[in-house]
Amino acid sequence: MALDQSALLEVLDALKAADVGDRVRQAAETVYQALIEAELTETIGAALHERTASRTALRNGHRTRVLSTTAGDLELRIPKLRTGSFFPSLLERRRRVDQALFAVVMEAYLHGVSTRKVDDLVKALGADTGISKSEVSRICADLDQDVSAFRDRSLADQSFPYVFLDATYCKARVNHRVVSQAVVIATGVRADGWREVLGFAVGDSEDGAFWTAFLRSLKARGLGGVQLVISDAHTGLKQAISAVLLGAAWQRSSGCISCATCWPRFRKAPLRWSPRQSARSSPSRMPRTCANNSA
């Protein structure tokens, strides 16, 4: 965006027509946009519609970004490139601030903080305009991508001889109703004792079909070398283990992860199965049943 004579006259006309309180915002928006376009021209070696031998990339439209300032919210257009990426250095520091703020919003969202309280939190951090419900959803959409990347990652590069399977129930909002949902979790233990959450899934109930689909998804991601599966004696789960994890032995777990009594023991159990542990720390010394999971 070159501020030539005609462009300056257009800006002047717009400022004359605007309210006094809006003139500073429009002027700041114009200056910011001009600086962004100037930096892009220097970066790629050519202005808009200019043909030069030094050009390194081509423009490919813009994406909108709202910058909150003391002059008001500035609606800026960040240029995109056909190859590579570009982000103006003028906004780099603000981007780091935004990332820190986004991290706070995500953390509050994960802990079940209401949208109204998130808005109060953002205001307390210095953002006078607060944050809307839709903005919280947009920020937390990045979490879905991170969770999907973790849940769909390949398991083929290492072997997990021991796999713990269990489920717990959590309240979730489904179709505008709060219902109980089953969360099934698979935790793998390598031969050296390293523990890792292999995957998880959410469903209406932990029936045999759900467990079978879950275990098949782990196999499809490369899970192999399983020698022992530890779980409760749920009939559908045992059938799914026999059908999917062929050749693996089964051991009834000493508890469940869904109660406060068994959860600390569940976290420590994989290390007890590690070959590095002595015989005296065998899971066989742990209680075999749990009041909350007597099946």
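Colleague: What average pLDDT does the protein have?

Modeller: The model is predicted, and confidence is reported for each residue as pLDDT. Of the residues, 67% score at least 70. The average pLDDT of the protein is 76.

Colleague: Over which residues does pLDDT stay under 50 while the model has 30 contacts beyond four places in sequence?

Modeller: Residues 257-261 also stay under 50, but the model has ten such contacts for them. Where pLDDT is low, the predicted coordinates should not be read in detail. The stretch with 30 contacts beyond four places in sequence is residues 277-295.

Colleague: Which are the edge strands of the open sheet of five strands?

Modeller: The sheet has mixed pairing and the order β5-β4-β3-β6-β7. An edge strand pairs on one side only. The edge strands are therefore β5 (195-203) and β7 (249-252).

Colleague: Which residue in β5 stands opposite Val 183?

Modeller: Strand β4 (residues 177-189) pairs with β5 in the antiparallel sense over eight bridges. Along β5, Val 197 is the bridge partner of Thr 187. Opposite Val 183 stands Val 202.

Colleague: Which residue in the turn between β4 and β5 has a positive phi?

Modeller: β4 and β5 form a hairpin, with five residues between the two strands. In that turn, a positive phi of about 95° belongs to Gly 193.

Colleague: How many bridges join β3 and β4?

Modeller: β3 and β4 form a hairpin with two residues between them, and Asn 175 in its turn has a positive phi of about 55°. Ala 172 has Val 179 in β4 as its bridge partner. The two strands pair in the antiparallel sense, and the number of bridges is 13.

Colleague: Which helix packs on the sheet and touches β3, β6 and β7?

Modeller: Helix α6 (residues 208-220) packs on the sheet by touching β3 (162-174), β4 and β5, and its direction makes about 140° with that of β5. Another helix has a direction at about 170° to that of β6 (228-231). The helix that touches β3, β6 and β7 spans residues 235-244 and is α7.

How values were computed. Residues numbered from 1 in each chain as written. Predicted model: local features only at pLDDT ≥ 70, side-chain atom pairs only at ≥ 80, totals over all residues. Heavy atoms only, no water. pLDDT = per-residue confidence, 0-100. Contact = heavy atoms within 4.5 Å. Helix = DSSP H or I, 4+ residues; strand = E, 2+ residues; numbered from the N terminus. Axes fitted to C-alpha atoms, helices over the stretch in contact; angles between N-to-C directions.
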